[in-house]
Amino acid sequence: MSAPSTPDTALQVRLVKAGRTKISYPAELLHDDGTRVTVRAAWAAEGVRDFGFVQFRPGDTFTEHYWRDRWYAIKEVRSGDGTLKGWYCDITRPVVRDAEGDLLAEDLDLDLWVSADGGQVIRLDEDEFAESGLADRDPAAALAATRALDELELLAKGGDFTALLA
């Protein structure tokens with residue numbers, strides 16, 4: 001368990017999928033209480049990613065919440081002018097900090113989008129999850145992942161979602 005960190009600490013966030021780094025980007029550490037780690041980062045991909053229900057674009061800011069004891073990460077997404085777009089939730093194994101203090105999160109394919117007004121709660125990438133073979137390779141992890149997605153969806157639809165971030 002690490003001690004709380006100062007907000008001016010820079011680190012890298014590395015998202016891994018199927019044993020390979022999917023994306024790595026710099027972030028500012030805002031909080032680490034030993035269980036939850038919160039960082040802020042700019043949109044790390046090039047150009048615009050259009051999901052149909054939301055666009056991520058250069059200038060967007062992500063405040064990302066990771067847990068060492070939960071199977072998800074919640075990313076609050078704001079436009080360049082500070083307007084809340086919503087929350088993108090990655091289903092991941094519990095996060096770890098490596099020897100350099102950087103965050104390592106293993107993406108398990110499942111995602112959830114919650115719009116800023118809570119009116120849209122959309123499960124994403126369930127087909128990719130099924131095709132990943134995780135259920136055969138690691139049934140316990142697959143069960144934890146589906147339970148995490150169900151939990152987040154229930155909280156989002158029940159109005160208790162943002163309490164996770166307090």
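A: The answer begins with the model as a whole and then turns to Arg 36 in strand β3.

This is a predicted model, in which local features need pLDDT of at least 70, side-chain atom pairs count only at pLDDT 80 or more, and totals for chains, interfaces and linings use all residues. Residues are numbered from 1 along each chain as its sequence is written, and side-chain values rest on heavy atoms, with hydrogens and water left out.

The predictor's confidence in each residue, pLDDT, runs from 0 to 100. Its mean for the protein is 92, and 95% of the residues reach 70 or more. Residues 1-5, however, have a pLDDT below 50, and this stretch makes eleven contacts in the model beyond near neighbours in sequence. A contact means heavy atoms within 4.5 Å.

The protein contains three helices and eleven strands. Both kinds of element are DSSP runs numbered from the N terminus: helices are H or I with at least four residues, and strands are E with at least two. Along the sequence they follow the order β-β-β-β-β-β-β-β-β-β-β-α-α-α. The radius of gyration is 15 Å, close to the 15 Å that the globule rule gives for 166 residues, so the protein is as compact as a globular protein of that length. Here the radius is taken over C-alpha atoms, and the rule is 2.2 Å times the number of residues to the power 0.38. Along the principal axes, the C-alpha atoms fill a box of roughly 40 × 35 × 30 Å.

Among contacts with a separation of 6 or more, 45% join residues 24 or more positions apart. Of the 166 residues, 42% count as buried; buried means under 20% relative accessible area, exposed over 50%, and partly exposed in between, with a 1.4 Å probe and protein chains only. The accessible surface comes to about 8400 Å², and carbon and sulfur atoms contribute 50% of that area. Such areas come from the Shrake-Rupley method with a 1.4 Å probe, and for residues only the protein chains shown count as cover. The 19 positive and 31 negative charges have mean positions 1 Å apart. Lys and Arg are taken as positive and Asp and Glu as negative, without His and the chain ends; each charge is placed at NZ of Lys, CZ of Arg, CG of Asp or CD of Glu.

Against this background stands Arg 36, which belongs to strand β3, residues 36-42. Arg 36 counts as buried because its relative accessible area is 13%. Setting aside residues up to four places away in sequence, Arg 36 touches His 31, His 65, Tyr 66, Trp 67, Leu 164, Leu 165 and Ala 166. Its C-alpha atom lies 8.2 Å from that of Asp 69, a residue 33 positions away along the chain.

Another arginine, Arg 49, is found in strand β4, residues 49-50. Arg 49 is partly exposed, since its relative accessible area is 47%. Beyond its neighbours within four places in sequence, Arg 49 contacts Trp 43, Val 54, Gln 55 and Phe 56.

Gln 120 sits in the loop between β10 and β11, the latter spanning 121-124. At 33% relative accessible area, Gln 120 is partly exposed. Its contacts, not counting residues up to four places away in sequence, are Phe 53, Trp 113, Val 114 and Ser 115.

Most residues other than glycine have a negative phi. Ala 18 instead has a positive phi of about 55 degrees; this residue lies in the loop between β1 (9-17) and β2 (20-32) and is exposed, at 61% relative accessible area. Asp 109 likewise has a positive phi, of about 80 degrees, but Asp 109 lies in strand β10, residues 103-115, and is buried at 8% relative accessibility.

Finally, Asp 160 belongs to the segment after α3 (139-158). With a relative accessible area of 47%, Asp 160 is partly exposed. From Asp 160 to Leu 84 the C-alpha distance is 17 Å, across 76 residues of sequence.
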